[in-house]
Amino acid sequence: MTLYIESFFLTLFLSTIFSLGGVGGAAALIPLLNMMGVPFGLSKATGLFVNISATTIATIMNLKRKALDVKFAIPLVISLTIFLPIGAYLSQFLNEKTMKWMLAGFLYFSATMMMFGKKKAKFDYQKTWILYLVGSIVGIFSGIVGVSGGNLIVATLILLGYDAKKMVITISFIIPFSSMAAFITYANIIHIDWILILVTALAAIIGGFIGNKIMFFNLDSKQIKKIVAILLYFIALKLTYNLI
């Protein structure tokens, strides 16, 4: 019971913070749950479901405000939904410590691009092949480490010059599709604790609602990037310390 209570409040906090960046917080939740004693595979599945819950509520709110560019999001939805489950399937053949190091690297890379990404656009977003390529590569890697890919896609596209606030809104729409595909794959290869899933999902919905309202009305793109980057650095350092 203690684990479920702690997981609820941890997820509530992370979902609120990460919803400021349009993502559900799986990248931070996975290593923290694992540090609390949750098996790594279950931590990854839980993180994916948390992403689904937090970003679904954010997407509903963004659609009501007519703030979402669906045409821009479609190539990312398609590529991530195809390649995330492939990565999730491949994860069962990799060493757990190797996957944790990959996750740590993912966190450092995402945080660095969030913090220091260039502002001037290098590509016109009408070139949809760029979005398909980014979605495919990120999908494979993210499926292996058990995250939705939102942080890495946001960071990559911001580095290429896309507007941070637009990326946040777009990723909120993409993540439920890609994460559900990967979650189903994990559910078929590991044992799922459905109580933990439901407890964290409820917390993620509440956190996603709070974070989305703060993001949309109170923060600009620069502030959003800084907040998410700092939290990613903190989690990455903690994960690295435990691995050494």
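At what angle do helix 2 and helix 5 pack, and how far apart are their axes? In this predicted model, where local features need pLDDT of at least 70, side-chain atom pairs count only at pLDDT 80 or more, and totals for chains, interfaces and linings use all residues, helix 2 (residues 26-35) and helix 5 (residues 96-116) pack at about 140°, with their axes 10 Å apart. Residues are numbered from 1 along each chain as its sequence is written, and side-chain values use heavy atoms, with hydrogens and water left out.

Two packed helices are described by the angle between their axes and the distance between the axes. The axes here are lines fitted to C-alpha atoms, for helices over the stretch in contact, and the angles run from 0 to 180 degrees between N-to-C directions. Helix 2 and helix 5 are therefore oblique to each other, given that angles under 35 degrees count as roughly parallel, over 145 as roughly antiparallel, 65 to 115 as roughly perpendicular and the rest as oblique. Their crossing is left-handed, a term used if the near helix is turned anticlockwise from the far one by less than a right angle, with right-handed for clockwise. In this pair, Ala27, Ile30, Pro31 and Asn34 of helix 2 meet Lys100, Leu103, Phe106 and Leu107 of helix 5, a contact being heavy atoms within 4.5 Å. These residues divide into six nonpolar, one polar and one charged, where Ala, Val, Leu, Ile, Met, Phe, Trp, Tyr, Cys and Pro count as nonpolar, Asp, Glu, Lys and Arg as charged, and the others, Gly among them, as polar.

Leu103 of helix 5 counts as buried because its relative accessibility is 0%, buried meaning under 20% relative accessible area, exposed over 50% and partly exposed in between (1.4 Å probe, protein chains only). The C-alpha atoms of Leu103 and Phe141 are separated by 9.3 Å, although the two residues stand 38 apart along the chain.

Turning to another helix pair, helix 4 (residues 70-90) and helix 6 (residues 128-145) pack at an angle of about 25°, with their axes 6 Å apart. That angle makes helix 4 roughly parallel to helix 6, and the crossing of helix 4 and helix 6 is right-handed. The contact involves, among others, Phe72, Leu76, Phe83 and Gly87 of helix 4 and Leu131, Gly135, Gly139 and Ile144 of helix 6. The residues of this contact divide into 15 nonpolar, eight polar and no charged.

Two further residues can be followed through their contacts. Thr46, placed in helix 3 (residues 40-64), is buried at a relative accessible area of 0%, and, leaving aside neighbours within four places in sequence, Thr46 is in contact with Leu33, Leu196, Ile197 and Thr200. Ile192 lies in the loop between helix 8 (164-187) and helix 9 (194-218) and counts as buried at 8% relative accessibility. Not counting residues up to four places away in sequence, Ile192 touches Leu42, Ala45, Phe183, Ala187 and Ile197. Ile192 and Ser43 are 149 residues apart in sequence and 9.7 Å apart in space, C-alpha to C-alpha.

For the chain as a whole, there are 10 helices and zero strands, helices (H or I, at least four residues) and strands (E, at least two) being DSSP runs numbered from the N terminus. Buried residues make up 58% of the 244 residues, and among contacts between residues at least 6 apart in sequence, 88% join residues at least 24 apart.
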